[in-house]
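I opened this notebook to keep track of what I looked up, entry by entry.

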Amino acid sequence: MLGPLAHGSTAPDVLPAFGPLSVLTQSRAEPVPLLLVLVLGGLYLWGVTRLRARGDAWPPGRTFAFLGLGLGTLLVAMTSGLAAYDDSLFAVHMVQHMLLAMVAPVFLALGAPVTLALRTLPAAPRSALLRLLHSRGVALLAFPALGWLLFVANPFALYFSGWYEATLDNLALHEMLHVHFLLVGCLFFWPLVGVDPVPGRVGHPMRMLLVTATLPFHAFLGVAIMGVTADGTGLLAPVHYLALHPLAEAVSQQNIGGGLLWASGDIVGLLFLFTMAFQWMRASEREAAREDRRLDRLTGAQSGTGAEAGAGASAGSGAGSGVGAETGVDARAGADAQAAGALTGTGAETVLGARGGGTVAAPGAARA
């Protein structure tokens, strides 16, 4: 537990010793974060209510992810005791950094607010949102390689330059740093989560590759921050922190913060990898089910076509048999008629001949 600490130039009051309960006891109702959370939460609930009013369903898990875990993480990071100590204790700052950049963006993306907006907004705002999503600027920002580069390079550029110390001594820059952490995390994680129809979505193998590629850099950054020596060489923002702590305590804080970055970065990254592997498995199962249904429909259509063809062949065969029978009857009838006619003609000729012969022979006989 740390002794009483000055809050720095942004809040010159003296803070009590930091302990586990300080996250609750030193909470502050910061107006800007509270307003942001209330507006986002109110709009999300309005969309869910509008969907249910027209009889459409919305998964409760998405609502809990966005409101409870996403916006809840923002509140913890920006209004709890973490925000009170974030510019006086480097380790506390690092916890806040990880919450804003790696935890809140994932849960906000799992809440699918873009999908909800597209399903509930009136025609004009919906068209504007679609144009924005299909714009070149959004496509560039959502490009996975750019998001990965910003997510990996941003901490190195921040901590190993004068920017970090500047944010500690300027309230406006300090608040902008929080927004920066959140936006960079959203640019990286939102396309990887893959729930919303945003540009930059890639296949599951590429998603896992991008997340895996971040893990070594978190380790490198953590080790580099922990490279501070006992004499203060490598101490970040030395003017600011040495005005608040003895040298040994400032060095200890930086070592703790670097270790937290290393460990929590790997833990969050591995958890996200397991989540994406589960999504990949579910997507493969759904694809297999769709393929089975397609093959079933194809097999059923082929069976139906075969049955119709068989019925047609049977009908054709029956008709052919009937015609053949009729043809055979007609042929036999014609042959009988010809035979009868031939026999009749021969008989007539025979009779006439007999009669003629008799007639001719009679005069001869008489003359004889």
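Before listing any partners, I note that contact here means heavy atoms within 4.5 Å. I also note that the model is predicted.

Entry on helices 5 and 11. I looked up which residues bring these two helices together, and found that His93, Gln96, His97, Leu100, Ala101, Met102, Ala104, Pro105, Val106, Leu108, Ala109 and Leu110 in helix 5 meet Leu177, His178, Phe181, Leu182, Gly185, Cys186, Phe189, Trp190 and Val193 in helix 11. For the geometry, helix 5 spans residues 90–110 and helix 11 spans residues 171–193, and their axes come within 8 Å and cross at roughly 40°. An angle under 35 degrees would count as roughly parallel, and 65 to 115 as roughly perpendicular, and helix 5 and helix 11 are therefore oblique to each other. I noted the crossing of helix 5 and helix 11 as right-handed.

Entry on helices 9 and 12. Here I found helix 9 (residues 144–159) packed with helix 12 (residues 204–225) at an angle of about 5°, their axes 10 Å apart, and the two are therefore roughly parallel to each other. On the side of helix 9 the contact includes Trp148, Phe151 and Tyr159, and on the side of helix 12 it includes Leu210, Phe217 and Ile225. The contact of helix 9 with helix 12 divides into 13 nonpolar, two polar and no charged residues.

Entry on helix 6. Is this helix mostly covered or exposed? Seven of the eight residues of helix 6 (residues 113–120) are buried, namely Pro113, Val114, Thr115, Leu116, Ala117, Leu118 and Thr120. Among the elements covering these buried residues I listed helix 2 (31–53), helix 3 (60–79) and helix 7 (123–133), together with helix 5 and helix 11. The axes of helix 2 and helix 6 come within 9 Å and cross at roughly 50°, which makes helix 2 oblique to helix 6. Helix 2 passes helix 6 in a left-handed crossing, and the contact is made by Tyr44, Trp46, Gly47, Val48, Arg50 and Leu51 of helix 2 and Pro113, Leu116, Arg119 and Thr120 of helix 6.

Entry on the core. The largest nonpolar core has 71 residues, of which Leu74, Phe90, Tyr159, Tyr164, Ile225 and Phe272 touch the most other members. Its largest share, 13 residues, comes from helix 5. I then followed Leu74, which, leaving aside its neighbours within four places in sequence, is in contact with Val37, Thr79, Leu100, Ala104, Leu108 and Leu182.

Methods
Residues are numbered from 1 along each chain as its sequence is written. This is a predicted model: local features need pLDDT of at least 70, side-chain atom pairs count only at pLDDT 80 or more; totals for chains, interfaces and linings use all residues. Side-chain values use heavy atoms; hydrogens and water are left out. Axes are lines fitted to C-alpha atoms, for helices over the stretch in contact, and angles run from 0 to 180 degrees between N-to-C directions. Helices (H or I, at least four residues) and strands (E, at least two) are DSSP runs, numbered from the N terminus. Angles under 35 degrees count as roughly parallel, over 145 as roughly antiparallel, 65 to 115 as roughly perpendicular and the rest as oblique. A crossing is left-handed if the near helix is turned anticlockwise from the far one by less than a right angle, and right-handed if clockwise. Ala, Val, Leu, Ile, Met, Phe, Trp, Tyr, Cys and Pro count as nonpolar, Asp, Glu, Lys and Arg as charged, and the others, Gly among them, as polar. A nonpolar core is a set of buried Ala, Val, Leu, Ile, Met, Phe, Trp, Tyr and Cys residues joined through side-chain atoms within 4.5 Å. Buried means under 20% relative accessible area, exposed over 50%, partly exposed in between (1.4 Å probe, protein chains only).
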